[in-house]
Amino acid sequence: MRILSKLGLAAAALTLVAAGTALPADALTVTQAKAAQTRLNKLGCTAGPVDGKIGAMTQAATVRFQSANVLSQSGALNSTTYSRLMATTARRCDVRSVPRRSGSGRRIVISQTQNWVWLIDARGKVVRQGRIIDNPSYLRAGNYTSGAKCGRAARIRKNTDGASLYLNNFVRFAPCGIGFHQIPTYKSNGKQIHADWLLGTNYRASHGCIRVTASMSAAIWTFAAGATHVVVMR
């Protein structure tokens, strides 16, 4: 998975399909852009306001759609992506199948390709799932167990980066400092360093940890109260 340090605005390279013909970006109509945003929102991809402007939030939604539908995660509404988006067979962004070969039993499964996480109970039922941001160059695929590592506590309600940030609801699962936590918040004002809508994309790279929403971090905190199997997949 390619990691980008910032969100590139690729509107100039955008293409859409209308009447079977690929349209260049400068021929894209507001109506066509609104149709794409409406469809992305209907499929739970979180494209934001239906305003006909293909900005950062719509591009992030497009990446989530592409990852859910096994397409190249470019963030551009090219002809292939647009056709799949408008098809009746398009897969939703917010509900996904657990990857095959992720094991069995009670576990947390992470897909670094999809930027996604599932919490699965002992009966194999998905009790929670959602978007993540991580960094595969730090966190390797494999099997882990949540708990204390390297003499550090297993769970810390208000962990810190040692400087200006809190890593709330920190649940450790890999040596030595890698765990799940809410998107980091500033100690000074409590605001997150980036918005929730960037989760589920490859537009931000963490320092190895798994960033999630505040509500998901609370769910993981409870789910992984004891030693819990964590499966990391590419």
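The model is a predicted one, so a pLDDT of at least 70 is needed for local features and 80 or more for side-chain atom pairs, while totals for chains, interfaces and linings use all residues. Residues are numbered from 1 along each chain as its sequence is written, and side-chain values rest on heavy atoms, with hydrogens and water left out.

Helices (H or I, at least four residues) and strands (E, at least two) are DSSP runs, numbered from the N terminus. Helix α2 takes in residues 56-68, 13 residues in total, and reaches 19 Å from its first C-alpha to its last, close to the 18 Å expected at 1.5 Å a residue; that expected span is 1.5 Å times one less than the number of residues. Eleven of the 13 residues are buried, so α2 is largely enclosed by the rest of the structure. Buried here means under 20% relative accessible area, with exposed over 50% and partly exposed in between (1.4 Å probe, protein chains only). Among the buried residues are Q59, R64 and F65. Their cover includes α1 (30-42), α3 (79-86) and β5 (126-131), contact being heavy atoms within 4.5 Å. Just after the helix, V70 takes a positive phi of about 55 degrees.

On to the strands. β8 (residues 165-174) is mostly covered, with nine of its ten residues buried. Strands count as paired if DSSP finds at least two bridges between them. β8 pairs with β7 (residues 155-160) in the antiparallel sense over five bridges, and I156 has F170 in β8 as its bridge partner. The hairpin of β7 and β8 has four residues between the strands, and G162 there takes a positive phi near 85 degrees. A hairpin of three residues links β8 to β9; β8 and β9 (residues 178-182) are antiparallel, with three bridges, and V171 stands opposite F180 in β9. Two bridges also join β8 to the antiparallel β10 (residues 185-186), where Y166 has T185 as its partner.

As for the cores, a nonpolar core is a set of buried Ala, Val, Leu, Ile, Met, Phe, Trp, Tyr and Cys residues joined through side-chain atoms within 4.5 Å. The largest one has 21 residues, and I108, I110, F173 and F180 have the most contacts inside it. Elements giving two or more residues to this core include β3 (107-111), β8, β9 and α4 (214-223), and α4 gives the most, with four. Another core, of 15 residues, lies apart from it and has A36, I54, A90 and C93 among its members.
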